[in-house]
Structures are given as structure tokens and as C-alpha cells.
Amino acid sequence: MKIDCKTLGREALTRLRRTAGQPKEVQEALLKKLLQKNQDTAYGKKYGFASVDSRKTYQKAVPVSCYEDYEPYILRMTQGKEQELTMDPAAYFCISSGTTGEPKYLPLTEADLNLYYIYACGTVFGVAGEYYKDTQNIYGKVFQLGEFAKTCMQDGRLQGIRSASLYQWLDRDGQFDTSGYCVPKEVLFPSKLEDLLYVKVRFALAQQDLCAIHGVFINRVVAVMDYIYQNWEMLLSDMASGTVSKGAGLGRHWASYIEEKLPPDTERAKALQSFSYGDLRQGMMRKLWPQLKYVQAIGGEAFSYYMKRYEEYAAGTPLHHFVYGASEGIFGVAGQMDAPDAYILFPEAGFFEFLPLDGAATPRPLFLWELEQGRRYELLFTNHSGLYRYRMGDVVETTGWYGKLPLVRFCYRKNLVVNIAGEKSNLEQLEGAVRRFAKQAGVLVNGYCVQEDVGGALPRYLFYMEVSGHMPSRAQEILEECLCAVNFEYQGCRNMNEIGPLCIKMLRTGSFARYEKHLEAQGVPLGQNKLLRILDTDEKKRFFGGNWADG
């Protein structure tokens, strides 16, 4: 199978525009279809799907849910039992980690993955086609920054992270055609997960007429450009000689592979050497690939540090901000180039409900067509893969409209604590990491808090800790290992050098007690003072920044 970019892009935009005029009708029909289809599942029987005849009776019959409500069903599904949550079998299991580092699974059905293909994959091609409607060669070679090693359950069913699910699914029978990408199939689909950045960059640099760069988050795009810039002389030398330098850090297998597939290319190396190193960074993307049309990656306000870095490398190359999604589903798509934080919630994604954040004790969940511009809501989602009225914890703000569909900005996930590069370390994971650390370091952690620190060469986590006992000399390395153990995404960002090594600063004894007194002096009732873990204001950062013991 080869992706027909033009046709897929046209189909995605056509469907999006058709449904944009009738969100209520599409949503009601979708809910009816999901409930009728799954009424004989274990979950459907428990909550009487067969007797639910409207969206309002759905809200009365089916409770708002969280992951723990699905654990026994999903456990049975991972063991091979079907018809637990959906009549369709799971085609893929998304995996994430919790406090203990034990994997958590979310099933994906074929229907869900097909929507992912049409909208998440297709919309960018449609938007690019319209952006460059009078330009030829829009759909040339793509530099795909990810790699998609097939990882499976014991029974052979696919598993992995959400961003890899689509490509693993497309290649489930081994027939996915990667000729539209600048790297060969064995590089996109390696036999095991490993860092193949040097390999991918060598193939990308050899491709003079590259048309697009596809990533998931903007920090990854910047990290790849940083790698090229920092290793410029080595890469050009290797290109000219057709060899692999020891500094590339490749094993013998991949070094031999490169030397076989990429013979010496002195002409291309000479052309690239015409750019002086000192002037290379500004506009580097277009200098390397003059035919580059766009970059796909999630950016926006939450990635402000990387957006500035991207702009320097891109020098006007348009950015498609990809999708708003999570393991639970793909909820929205960017409908234009260079339109950050404005995702179109498409009504085929699943059934949407929204809890208004207006302080009401029991706010009525609103529907997709009832949102108001400028207001914030917590998302409840019913997907095609067996989640019903699932409480995401995501808070979104309506910023405008696409036809009758809301445009939203993702604000934060309620349990999200730190997010530098898309790793989303939540409170559960941080608590788990600190508990592990305390045990391994042999100390009692009386209190801790954490903030993002973007003051150095790489952004990093900055932990403030108040402890009893003697901190070992390897304290920072131990905490790093513990955080990697409970958050696979953080581990990946560290391995790819997208986040710097974390830092621990020791607080003077009594710092947290003094902070409560500080709040009390400002008239804040201590009964309203929640356990402090994230330093999310300048006031908090100043207070703890002035209380560390070695400062």
C-alpha cells in the first residue's frame, strides 16, 4: 500500500467540510451507532446501552468514567477475551506508564485507526495542497522523523505508543510502501527501537528535493536540526567519503548498511559545503532543501521555547500544527498552515461532551454544538474503541469556529505537572519517581516541588527538595533513573537529548512550612492551600529559588 497524498488530502478536507455544517446530526448519529453496535458487550449490558435512545438518556444511564473503571475489561482483552468494551476486536494496544512503571493499556479498533489515517494523516496533505494550489511537486519525498519498530503483545497483537500506532497498523501485513519517504523501509521500521538519528539524517541530506518534514512535536524537529548543525563537518565528511565516522556512534550493522546504501557523493557534499558554518543556522532548512514546502509538528504556546528555535531554522517555512490528540483519541486537526492552538474538533472523532469550568457544583455537560467562544471546558469523550464518557482531564478553550465546529486551544491536562517536550510528566508519575528515589537514596523526602528550567543550553526539570538524611553524591542520577522508569516519554526525550539532565536543589529545613506562613500572611486560608508540587507562577518560583540551602 502506498499513500496517495493528493487523494487522501482531498478526501479528508471534503469530509471535514461536510460534517462542519451539521455537527449535531453527525454526533447524534454516531452516538446511536456506537451504542447499538456495542449493546451486547460486557460494558454495554452493564449500563443498558440497548435502552438508551438519546444523548440525554445516555448521560443519565452511563456514568462519567476514568481509566480505573476500564482496567478489568482491558485486562481481559489483553488476555484475548473479546466483546468486553466493543464488538470489534482491538487492533492495537496503546501503552503508557503509571506510578509504578507498570504498563497501562488502551485498546484501539480498526475504526479508530482508520479515522486517524483519514484525518490525522490526510488533513496535512489537503492543507498543503490548498496552500500551494498553483505549485507543482507538493507531494515529494518526506523526511519522517520517527521510527516504528513493531512491538507486540505475547499473542502477536500490536502494541506501542499512540504516535507509532498508525504506521504499525498500515504495515501490519508488511505491505506498506515507503517509497514516498527519504529513508528506506528498514530504517522506518527497524527490528528494534534504537536511536537511528544519524542514519536518517544521512539519507535526508542526500535527498536534494525533499518536500516535507513530518514529526509529532516541534521539539523533535528542532532537536534534529540541532544535531545537523552540531555535527555538520562530520556529516559532510562522511557523505563525501561514503563512510561512517566513529563519532556517529553506530554499531557495525548500521555503519555497514550506510556504506552500502550511500556511496560517496562528493558533488552533494561540495554543494552543502558552500554554506559557511557561521551562517548555516539561520534558514538552515531551506539551505539544505530548497524544495521544502512545509513542516508538520505540534507547536504553539506550550512549546514557546522550541517555536522560537524553529523559526530561526525555518525562516518562513510554513508549519502545520498537526493534531490535538492523546492515547484516548484524535480529537482535532489543524485546518490551516501556521495556525497554532486552533484545532478543529471533528465530529466523526467520537462523541464529545464538555464540563464548563464556571465554578458550578454540578455543571451540565454540554455538547459539541453548544460551546461558547472564549470559555474553557473539561473534555469528556466517547471513542470508537470502548471508552464511554471518559474523563480526559484535558481543559480546552474555544477560540473560534470552522463552519459550525469549534476551534479549540489545549490549555492543560488537569493532572499534568511538567511538560517541556511532549513528555507530560503528571503528578502520579512524579510522586512515583520521588518515592523510588527516597528508597534508593536512603533519605526521607519531607517535601518537593518542580519547575521547568529553560535557562540553560537545554530545558530541564528543576527539583527543589527538603529531606532528612544524607543525600548521596549520585542523587541527581538516581532521580533521573527513577523518573525515566515511570515515564517512558520522558526517557525517550532524554535519550534523544531533547531535555537536559534534571537538577536537584536542596531546600533549607522548614521551607514548606515557611511558604504556608507566607500564604497566610497574604490572606490565603491554609485550608485552601493544596499540596504544592508544581511551581507554576513567578511568585512560587521566587520564593523557593530564594530558599535553597546551597544558594
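These entries record what I looked up about aromatic rings in this predicted model.

**Entry 1: ring pairs.** I began with the count of aromatic pairs, which comes to 38. I then located both partners in the chain. Phe49 belongs to the loop between helix H3 (42-46) and helix H4 (55-61), while Tyr388 belongs to the loop between strand E13 (376-382) and strand E14 (390-402). The two residues are 339 apart, and I noted the pair as a link between distant parts of the chain. I also looked up the accessibility of Phe49 and Tyr388 and found both buried.

**Entry 2: a tilted pair.** Next I turned to Tyr515 and Phe544, a tilted pair with 5.3 Å between centres and 45° between planes. Tyr515 is in helix H20 (residues 511-521) and Phe544 is in helix H21 (residues 538-545), so I recorded the pair as tying together parts 29 residues apart in sequence. Buried or exposed, I asked of Tyr515? Tyr515 has a relative accessible area of 4% and is therefore buried, the cut-off being under 20%. Phe544, at 0% relative accessibility, also counts as buried.

**Entry 3: a cluster.** I followed ring pairs through Tyr324, Phe331, Tyr343, Phe352, Phe354, Tyr377, Phe381 and Phe410, which they link into a cluster.

**Entry 4: charges over rings.** Lastly I looked up arginines placed over rings. I found the charged end of Arg55 over the ring of Phe367, at 5.0 Å from its centre.

Key: Residues are numbered from 1 along each chain as its sequence is written. This is a predicted model: local features need pLDDT of at least 70, side-chain atom pairs count only at pLDDT 80 or more; totals for chains, interfaces and linings use all residues. Side-chain values use heavy atoms; hydrogens and water are left out. Rings of Phe, Tyr and Trp (its six-membered ring) pair if their centres lie within 6.5 Å; planes under 30 degrees apart count as stacked, over 60 as edge-to-face and the rest as tilted. Helices (H or I, at least four residues) and strands (E, at least two) are DSSP runs, numbered from the N terminus. Buried means under 20% relative accessible area, exposed over 50%, partly exposed in between (1.4 Å probe, protein chains only). A charge sits over a ring if NZ of Lys or CZ of Arg is within 6 Å of the ring centre and within 35 degrees of the ring normal.
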